[in-house]
Amino acid sequence: MTKQELALEIIDRLKKEYPDADCTLDYDQAWKLLVSVRLAAQCTDARVNTVTPELFRRWPGPAELALATQEELESVIRSTGFYHSKARNLLGAAQRVVSVYGGEVPPRLDELITLPGVARKTANVVLFGAFGINEGLAVDTHVKRISYRLGLTSHTDPVDIEQDLMRLFPRAEWGDVNHRMVWFGRDVCHARSPRCAECEMADFCPRREPPKGK
């Protein structure tokens, strides 16, 4: 089958297996989603969900967080790992949201990526999760691995992978494709020991592995 046909088949099978796949981070507004996504880098969503209640109790929004000290924030987010850089970027993002965007997370990709620590992946997750906007397709570690294994891309750089996937998947599916691939990656297509015998894609998966170190 062509890559386009392959992409549509993958969508169909993922929909059947994960009809209600959604973001597993707890949030009820754009700012909380943005913060949670940044904290989830190199950390599990489950761990982030144990940290954010105290974070948002102390600093409910960007205006409050913009006034916090680095040390105060680090003490709350320490268990998520890489807390020095995460705290620095979150403080910078809060200050910019307040000073440039009037305290509201902007619903535009080109503006979101001006926030410290926010690249295309985070921006795409926030746009879809908080605003229902499919501006791009978030490429995290699961999407990157699965797309390469299934032969949807030959690239290893997330930006190049995103461009390949945006050409293959219908725009209306971009946000849901990310969520479903994440669930599939956590359940079946593991990085080190994929459960190929139980895989929904086993009959056509070429089982490609990216080059070492990529």
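This is a predicted model: local features need pLDDT of at least 70, side-chain atom pairs count only at pLDDT 80 or more; totals for chains, interfaces and linings use all residues.
1. Let me start with the largest nonpolar core, which has 39 residues. Trp31, Leu55, Leu65, Leu73, Ile77 and Leu112 are the residues with the most contacts inside this core. At least two core residues come from each of α2 (30-39), α3 (45-58), α5 (70-77), α6 (83-101), α7 (109-112) and α8 (120-131). Which helix gives the most? That is α6, with eight residues. As background, nonpolar side chains in soluble globular proteins tend to be buried together.

2. Next, the packing of α2 on α3. The two helices pack at an angle of about 135°, and their axes are 10 Å apart. That angle makes α2 oblique to α3. On the α2 side the contact is made by Trp31, Lys32, Val35, Ser36 and Leu39, and on the α3 side by Val48, Thr52, Leu55 and Phe56. The crossing of α2 past α3 is right-handed.

3. α2 also packs against α6. Here the axes come within 10 Å and cross at roughly 160°. Why are α2 and α6 called roughly antiparallel? Angles over 145 degrees count as roughly antiparallel, and these axes cross at roughly 160°, so α2 and α6 are described in that way. Trp31, Val35, Arg38 and Leu39 of α2 meet Lys86, Leu90, Ala93, Ala94 and Val97 of α6. As α2 passes α6, the crossing is right-handed.

4. The side chains of Gln70 and Glu74 are joined by a polar contact of 2.8 Å. Leaving aside neighbours within four places in sequence, Gln70 is in contact with His84, Ala87, Arg88 and Leu91. Gln70 and Asn89 are 19 residues apart along the chain, and their C-alpha atoms are separated by 9.8 Å.

5. Moving on to helix α10 (residues 158-168), which residues of this helix are buried? They are Ile161, Glu162, Asp164, Leu165, Met166 and Leu168. Glu162 and Asp164 are therefore among the buried residues, given the cut-off of under 20% relative accessible area. The buried residues of α10 pack against α1 (3-17), α8, α9 and α11 (174-187). Where α10 starts, a side-chain oxygen of Asp157 reaches to within 3.1 Å of the backbone nitrogen of Val159.

6. The pair α9 and α11 gives another kind of helix packing to inspect. Their axes are 8 Å apart and the angle is about 80°. The two helices are therefore roughly perpendicular to each other. The contact is made by His142, Val143, Arg145, Ile146 and Ser147 of α9, together with Asn178, Met181, Val182, Phe184, Gly185 and Arg186 of α11.

7. What does the side chain of Arg145 reach? It reaches the backbone oxygen of Cys189, at 2.8 Å. Not counting residues up to four places away in sequence, Arg145 touches Gly185, Cys189, His190 and Ala191.

8. Finally, Pro194 is found in the segment after α11. Pro194 is partly exposed, with a relative accessible area of 30%. Setting aside residues up to four places away in sequence, Pro194 touches Arg149, Val188 and Cys189. Between Pro194 and Arg207, which are 13 residues apart in sequence, the C-alpha to C-alpha distance is 9.7 Å.

Technical notes
Residues are numbered from 1 along each chain as its sequence is written. Side-chain values use heavy atoms; hydrogens and water are left out. A polar contact is a pair of N or O atoms within 3.5 Å; within protein, one must be able to donate a hydrogen and the other to accept it, and residues adjacent in sequence count only if both atoms are side-chain atoms. Contact means heavy atoms within 4.5 Å. A nonpolar core is a set of buried Ala, Val, Leu, Ile, Met, Phe, Trp, Tyr and Cys residues joined through side-chain atoms within 4.5 Å. Buried means under 20% relative accessible area, exposed over 50%, partly exposed in between (1.4 Å probe, protein chains only). Helices (H or I, at least four residues) and strands (E, at least two) are DSSP runs, numbered from the N terminus. Axes are lines fitted to C-alpha atoms, for helices over the stretch in contact, and angles run from 0 to 180 degrees between N-to-C directions. Angles under 35 degrees count as roughly parallel, over 145 as roughly antiparallel, 65 to 115 as roughly perpendicular and the rest as oblique. A crossing is left-handed if the near helix is turned anticlockwise from the far one by less than a right angle, and right-handed if clockwise.
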